[in-house]
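Biologist: I am new to this structure, and I would like to learn how its features are read. Could we go through them slowly, beginning with the aromatic rings?

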Amino acid sequence: MTAEEKEAFGRPDIQVLEPGTYNLLIERVEQFTNRQGTGKVLSFVFVTQGRHAKTYINYPHRDEKPDWHGRRNLRELIDALGIEGFAHHRDLEGKIVGARVSILQGERPKNGFEFIPASAQEKKPAHQESYVATPPQPPPAQPDQPAFWG
């Protein structure tokens, strides 16, 4: 991806999330060639509670070890989304995934993500933001009133 494409695409303010369990909205997925030219990288931008976080998955890669790790990470994400697969990386945008987030120490602290399979996700904590709007429910019908709302 060129500098002009990155500028046109926009960059959110990426932050390091506190450790915990989150429901993450996949806001954006980009694919680009790594610096060495040995493979592709999928860049995921997540949103939760108005904050942006980012992770990278190396896939596909010409070297066996990074390719294996990339396939595993991508499979974990797909399993956590509860889908069989996808045709294009942009198909993942707008989906919500559960993840346990940690902080990885290094040159600069960054987040580590352990995606939680949809079948293993527990009821989310009350402090987590929900991205699924529930429509208003009609009031229960009274015996002497018609059973419609509106």
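Biologist: Which residues do ring pairs link into a cluster?

Modeller: This is a predicted model, in which local features need pLDDT of at least 70 and side-chain atom pairs count only at pLDDT 80 or more, while totals for chains, interfaces and linings use all residues. Residues are numbered from 1 along each chain as its sequence is written, and side-chain values use heavy atoms, with hydrogens and water left out. A pair of aromatic rings is described by the distance of the centres and the angle of the planes. Rings of Phe, Tyr and Trp (its six-membered ring) pair if their centres lie within 6.5 Å, and planes under 30 degrees apart count as stacked, over 60 as edge-to-face and the rest as tilted. Here the ring pairs join Phe44, Phe46, Phe113 and Phe115 into a cluster.

Biologist: How many aromatic pairs does the structure hold, and which parts of the chain does the pair of Phe32 and Tyr56 link?

Modeller: There are five aromatic pairs. Phe32 and Tyr56 make an edge-to-face pair, with 6.4 Å from centre to centre and 85° between the planes. This pair links distant parts of the chain, since Phe32 lies in strand E1 and Tyr56 in strand E3 (residues 51–61), 24 residues apart. Helices (H or I, at least four residues) and strands (E, at least two) are DSSP runs, numbered from the N terminus. Phe32 is partly exposed at a relative accessible area of 23%, and Tyr56, at 47%, is partly exposed as well; buried means under 20% relative accessible area, exposed over 50%, and partly exposed in between (1.4 Å probe, protein chains only). Phe44 and Phe46, by contrast, form a stacked pair, 6.1 Å centre to centre with 10° between the planes, and both of these residues are buried.

Biologist: In what order do the five strands form the open sheet?

Modeller: To read a sheet, one asks which strands pair, and two strands pair if DSSP finds at least two bridges between them. The order is E3-E2-E1-E4-E5, with antiparallel pairing, and E3 and E5 are the edge strands, each pairing on one side only. Nine bridges join E2 to E3, where Gly39 has His61 as its bridge partner. Eight bridges join E1 (residues 20–33) to E2 (residues 39–48), and Glu30 stands opposite Ser43 there. In the hairpin between E1 and E2, with five residues between the strands, Gly37 takes a positive phi near 75°. E1 also pairs with E4 (residues 96–104) over six bridges, and Leu24 stands opposite Val97. Six bridges join E4 to E5 (residues 110–115), with Ala99 partnered by Phe115.

Biologist: Which residues touch the most other members of the largest nonpolar core?

Modeller: In soluble globular proteins, nonpolar side chains tend to be buried together. A nonpolar core is a set of buried Ala, Val, Leu, Ile, Met, Phe, Trp, Tyr and Cys residues joined through side-chain atoms within 4.5 Å. The largest one has 21 residues, of which Ile26, Phe44, Leu77 and Val97 touch the most other members. Two or more residues each come from E1, E2, E3, helix H2 (64–81), E4 and E5, and H2 gives the largest share, five residues. Leu77 touches Ile26, Phe44, Leu92, Val97 and Phe115, not counting residues up to four places away in sequence, where contact means heavy atoms within 4.5 Å.
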